[in-house]
Amino acid sequence: MSGPGDIPVGLSTSSVYPLTVVDTFAMAHDVGYDGVEVMVTNNSVSRDPSRLRDLRDHYQLPILSVHAPTLLLTQQVWGTAWTKVELSCAMAAEVGAPTVVVHPPFRWQTGYADHFATGIRRIMADYGVTIAVENMYPWRVRGRDRRAYLPHWDPVPLEYEHVTWDFSHAACAGSHSLRSVQELGSRLRHVHLTDGSGAQNRDEHLLPGEGNQDPAAVLRHLAATAWDGTVIAEVSTRKAKGAGEREQLLGDTLSFARRHLDRAGQPDPSSLAP
């Protein structure tokens with residue numbers, strides 16, 4: 001477990017797919033994570049604050065964040081776009097999670113997109129939680145980039161107060177993660193620790209260090225600058241052959257995070273410029 005003042009490292013429920021929310025808490029406890037991010041899906045436990053509080057209390061692991069059901073695969077969960085955000089924030093407040101992760105609006109959600117930035121500011125004030133908008137990537141159809149998100153897939157130049165940075169998405173977009181994180185500065189509130197190669201525009205969610213985004217450099221930068229956000233492991237373990245191999249992958253991810261977030265002996269931040 002992390003000590004006082006350390007950057008907490010949590011485990012996303014998506015990292016144990018196709019296993020359940022219950023399995024995530026058990027695995028996070030056994031491996032030594034500092035908490036859990038709950039991705040809201042069709043799984044009933046992921047939408048039940050009472051069950052989530054029971055799991056939190058049983059395993060003595062805080063729920064560090066809630067991921068709203070704003071993915072294509074969860075379009076049928078919790079109704080309209082604004083309802084998804086509001087219910088996610090209400091549940092986060094109820095279970096004590098300080099952060100809600102949302103994706104930017106899809107291009108066909110024009111009414112939602114028109115007032116997205118102002119709407120999430122209002123909801124943050126209403127529920128007392130932080131909404132951190134996640135970086136996405138262009139969709140490529142027949143080799144050409146298509147505009148999938150409004151106003152854009154890249155949150156760096158936009159007016160969002162709080163941002164989540166995902167390394168796998170950055171690889172798909174051809175972004176430079178360290179440069180983007182440095183530009184975001186204090187607007188960065190949340191990190192999805194993973195990696196990607198950017199091959200064939202696939203959102204791979206590789207283990208950190210297996211792709212081209214150099215998450216180690218980003219974590220060292222965050223540690224050296226006394227960043228006070230949260231890191232969440234969001235890696236794919238669906239090809240794991242049994243619980244033992246899955247725990248090993250998640251343990252390796254946690255070790256990677258702790259090693260590069262160790263504030264002792266970090267270099268001066270200016271030396272980490274790309």
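This is a predicted model: local features need pLDDT of at least 70, side-chain atom pairs count only at pLDDT 80 or more; totals for chains, interfaces and linings use all residues.

Trainee: Which residues line the largest cavity?
Mentor: The lining consists of Thr70, Gln75, Ala81, Lys84, His103, Pro104, Pro105, Phe106, Gln109 and Tyr112. By class, that lining has five nonpolar residues, four polar and one charged.

Trainee: And the second largest cavity, how much space is in there?
Mentor: About 40 Å³. Its lining is made up of Ala117, Ile120, Arg121, Met124, Ile131, Val133, Glu159, Tyr160, Glu161 and His162. Two elements, helix 5 (116–127) and strand 5 (130–134), each give two or more residues to the lining of this second largest cavity.

Trainee: Which element gives the largest share?
Mentor: Helix 5, with four residues. Sorted by class, the lining of the second largest cavity has six nonpolar residues, one polar and three charged.

Trainee: Why does His162 count as buried?
Mentor: Because its relative accessible area is 19%, and the cut-off for buried is under 20%. Leaving out residues up to four places away in sequence, His162 touches Met124, Thr130, Ile131, Ala132, Val133, Arg187 and Arg189.

Trainee: Ile131 keeps turning up. What else is it part of?
Mentor: The largest nonpolar core, which has 69 residues. Ile131 is among those with the most contacts inside that core, along with Val100, Leu222 and Val231. Apart from that core lies another one, of eight residues, including Phe106, Tyr137, Trp153 and Cys172.

Trainee: What does Val100 touch?
Mentor: Beyond its neighbours within four places in sequence, Val100 contacts Val66, Ala68, Ser88, Cys89, Ala92, Val129, Thr130, Ile131 and Ala132.

Trainee: What is Ser15 in contact with?
Mentor: With sequence neighbours within four places set aside, the contacts of Ser15 are Ala233, Glu234, Val235, Thr237 and Leu250. The side chain of Ser15 also comes to 2.9 Å from the backbone oxygen of Ala233.

Conventions
Residues are numbered from 1 along each chain as its sequence is written. Side-chain values use heavy atoms; hydrogens and water are left out. Buried means under 20% relative accessible area, exposed over 50%, partly exposed in between (1.4 Å probe, protein chains only). Contact means heavy atoms within 4.5 Å. A nonpolar core is a set of buried Ala, Val, Leu, Ile, Met, Phe, Trp, Tyr and Cys residues joined through side-chain atoms within 4.5 Å. A polar contact is a pair of N or O atoms within 3.5 Å; within protein, one must be able to donate a hydrogen and the other to accept it, and residues adjacent in sequence count only if both atoms are side-chain atoms. On a 1 Å grid over the protein atoms alone, a cavity is a set of points where a 1.4 Å probe fits but cannot get out, and a pocket is an open set with protein on both sides within 12 Å along at least five of seven lines; lining residues have an atom within 4 Å of a point. Ala, Val, Leu, Ile, Met, Phe, Trp, Tyr, Cys and Pro count as nonpolar, Asp, Glu, Lys and Arg as charged, and the others, Gly among them, as polar. Grid points are joined across faces, edges and corners, and a volume is the space filled by probe spheres set on the points.
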